[in-house]
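Here is a short briefing on a ligand site, a cavity and a pocket. Please look over the sequence and structure first.

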Amino acid sequence: MALDEIVIVGTGQGGFQAAMSLRQEGFGGRITMIGEEPGLPYQRPPLSKAYMKEANAERLQLRPESFFAQNSIDLVAATCVDHIERDARIVVTDTGSRISYDHLILATGTRNAVPPIRGIKSDRVLGLRTMADADRLRTAIDAARRVIIIGGGFIGLEFAAVARAMGREVVVLEAAGRLMERAVSPDMSAYFERMHVAQGTVLKLGQPVVEVEDEGPGRPCRARLANGESVEGDFILLAAGVRPNQELAAAAGIETENGIVVDRFLLTSDPHISALGDCAAFPDPRTGARIRLESVQAASDHARTIAKRLTGKPAAYDALPWFWSDQFSAKLQIAGITSATGKTFARASDGDGFYVYRFEDERLVCVETVNAAREHMAARKLLTTTSEPISWRDMERTGFELAALMKRPETAGA
Ligand SMILES: Cc1cc2nc3c(=O)[nH]c(=O)nc-3n(C[C@H](O)[C@H](O)[C@H](O)COP(=O)(O)OP(=O)(O)OC[C@H]3O[C@@H](n4cnc5c(N)ncnc54)[C@H](O)[C@@H]3O)c2cc1C
């Protein structure tokens, strides 16, 4: 069936990329983007990095306003899609508008998780997901002497680095026994632990926060840990993970399970509805296991996959996931993913570089680097292009230098 009208719910990274890719792939029909947030689509990564210092909102915009007019993309901002009438193929907004679609793309992202901690609803507990959140945090940090951060993941630690660089006292509270536990190897966690401590950040690991106490304006607030210890600060950043925005899909009877369930082509259980990015639970091309990724790269690659399918060039999503995080002067880059606790090999370079190679069943599956852009790029290329998996023995033979493996005949010309 020819498609005339495509509606995209969510005007974040993935929703924007879907609209742009549809035009690049030659889609000539109507595109309507509907987003809950005000203003133009913008990128989130700088919110916990440069934006905290510079507050330059224009630099966050993915494209200027003129782009949307030039590409005939209707942007409906500050509007929430309330529900989907699948039989009629209509979305209904919170303002009562009814917008019909031939194909619907759900790009609804995630929201901050709120763990069951007594007192967590206090006004002094702030989140960091949107530009509005970042603006609130900047006001709070200007007036603060000490900042408490609940969560030692990417966002919590990026904010910790910014706050330290601004001269604030910083305490990071992490329930797990190590930093960024879900995302990186124990060696890499230890590297970042040393770095944050050396910069003067106080880390308290392995103790969940059980209570937040707020005595009101002008008085400090406190986070109490499971072991009874109490930490005092001027405000708290809650950065304890996210939840997928899947309720819109679930209410319409679309399959969800830790995200909106999609197939290898990013199609949901309804053939007229796709889902992408942070909210999509998709089959890992390498293992087949259903996963959800929270990264710009995954959202953008998903969007391109959907745009190709909707313009008659279907191809399954098979991109290699990669991630980055900036903390102080350390640029962490990760190529590939693994949840396994298999063999690892860690090494430092002469400069400030640090490398961790992670294996599953003797195969290299993930490479974590700090301040080593060339090694990261080599890892992305090798993990994507080699038909033969790279084994522990291959790596051993080259003294754990990916550059040497780049000279293998099959990758040299790739
Ligand atoms: C502070 C911060 C730092 C980050 N840093 C990095 C980084 O360094 N590297 C990296 O790769 N990733 C980073 N990320 C993650 C990255 O930004 C996300 O993975 C990416 O934005 C996902 O894109 P998305 O389109 O799936 O969702 P989003 O960009 O979150 O967009 C979803 C949009 O949908 C809207 N929406 C939801 N429901 C509705 C509805 N019913 N109606 C209308 N609109 C709706 C939401 O309001 C939101 O605007 C960071 C995220 C944050 C918050």
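Domain 1 (5-111 + 243-310) and domain 2 (125-240) both contribute residues to the shell around the ligand, so the ligand lies between them. The domain bounds come from an automatic or database domain assignment. This is a predicted model: local features need pLDDT of at least 70, side-chain atom pairs count only at pLDDT 80 or more, and totals for chains, interfaces and linings use all residues. Residues are numbered from 1 along each chain as its sequence is written, and side-chain values use heavy atoms, with hydrogens and water left out.

**Ligand shell**
- The ligand is surrounded by 31 residues, each with a heavy atom within 4 Å of it.
- The closest are Gly 14, Glu 37, Lys 49, Val 81 and Asp 278.
- Sorted by class, the shell has 13 polar, 11 nonpolar and seven charged residues. Here Ala, Val, Leu, Ile, Met, Phe, Trp, Tyr, Cys and Pro count as nonpolar, Asp, Glu, Lys and Arg as charged, and the others, Gly among them, as polar.
- Helices α1 (13-24) and α8 (296-310) each supply at least two shell residues. α1 gives the most, with three. Helices are DSSP runs (H or I, at least four residues), numbered from the N terminus.

- A ligand oxygen is 2.6 Å from an N or O atom in the Lys 49 side chain.
- For the side chain of Arg 44, the distance from a ligand oxygen to an N or O atom is 3.1 Å.
- A polar backbone atom of Ala 107 is 3.4 Å from an oxygen of the ligand.
- On its own the ligand has 1,000 Å² of accessible area, and the protein covers 94% of that (Shrake-Rupley method, 1.4 Å probe).

**Cavity**
- The structure holds one cavity of 30 Å³ or more. A cavity is a set of points, on a 1 Å grid over the protein atoms alone, where a 1.4 Å probe fits but cannot get out.
- The largest cavity has a volume of about 40 Å³, taken as the space filled by probe spheres set on the points.
- Its lining includes Glu 37, Tyr 42 and Arg 44; lining residues have an atom within 4 Å of a point.

**Second largest pocket**
- This pocket holds about 210 Å³ of space. A pocket is an open set with protein on both sides within 12 Å along at least five of seven lines.
- Helix α9 (residues 373-385) gives the largest share of the lining, three residues.

Notes: Polar contact = N/O pair within 3.5 Å; in protein donor to acceptor, adjacent residues only side chain to side chain.
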